[in-house]
Amino acid sequence: VSIHSLVDTDFFPAFIRYMRTNAELTKQVVFEFSQDIVQSCGVLEEESLSALADAGFSFSLDNVLNLDIDYRALAERNFKYIKIDSEILLYGMREAGAPVRTEDMVDFLKRHDIQLIAEKVESERAVLGLAKAGVTLGQGYLFSRPRLVRQEVFVGADDLLRRA
């Protein structure tokens, strides 16, 4: 879901009805938004995020470059995951404005009920450094290249949203 979908008066009301009707999806779907998009949210976007959170959905903050964040406010908005570039975690925490060292970040985020995911993990050396720092979740080319979603997944998706 793009940030534009959150304020689309034709799309979002049907979408939120569908999501509320299919509450089992709350355990299967996490909505991901980049840090710059989240920081630029206006009132309408915030209301839509709040409606999704009230329906039980959680969020992931992606493309995080600035770690000088109000983590409590992020958690209150139902952000359960934060994805930080492995290079920042391994070599650039201070420059990114992190409140703690990499070794303390997992526990720091746990206090806010947020899980850390290292992204752009592309070498075994990075995995070892991240593991030594206590980071247990990661994604990147080392694990798997992105793949296209199978076409059959989309069959009928438009009809489902129209009926919602």
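## Overall picture

Of the 164 residues in the protein chain, 40% are buried (under 20% relative accessible area with a 1.4 Å probe, protein chains only). This is a predicted model, where local features need pLDDT of at least 70, side-chain atom pairs count only at pLDDT 80 or more, and totals for chains, interfaces and linings use all residues. Residues are numbered from 1 along each chain as its sequence is written, and side-chain values use heavy atoms, with hydrogens and water left out.

The C-alpha atoms fill a box of roughly 50 × 35 × 25 Å along the principal axes. The chain has 8 helices and 4 strands (DSSP runs, H or I of at least four residues for helices and E of at least two for strands, numbered from the N terminus). Their order from the N terminus is α-β-α-α-β-α-β-α-α-β-α-α.

## Where α1 meets α3

Helix α1 (residues 11-21) and helix α3 (residues 43-54) have axes that come within 10 Å and cross at roughly 15 degrees (lines fitted to C-alpha atoms over the stretch in contact, with angles from 0 to 180 degrees between N-to-C directions). That makes α1 roughly parallel to α3, a label for angles under 35 degrees.

On the α1 side, Phe-12, Phe-15, Ile-16, Met-19 and Arg-20 meet Ser-48, Ala-51 and Leu-52 of α3; contact means heavy atoms within 4.5 Å.

## Around α6

Helix α6 (residues 102-110) has Thr-102, Met-105, Val-106, Phe-108 and Leu-109 buried. Those buried residues pack against α4 (71-76), β3 (79-85), α5 (86-91) and β4 (115-119).

Conventions. Parallel < 35°, antiparallel > 145°, perpendicular 65-115°, else oblique. Buried < 20%, exposed > 50% of the residue type's maximum accessible area, 1.4 Å probe, protein only.
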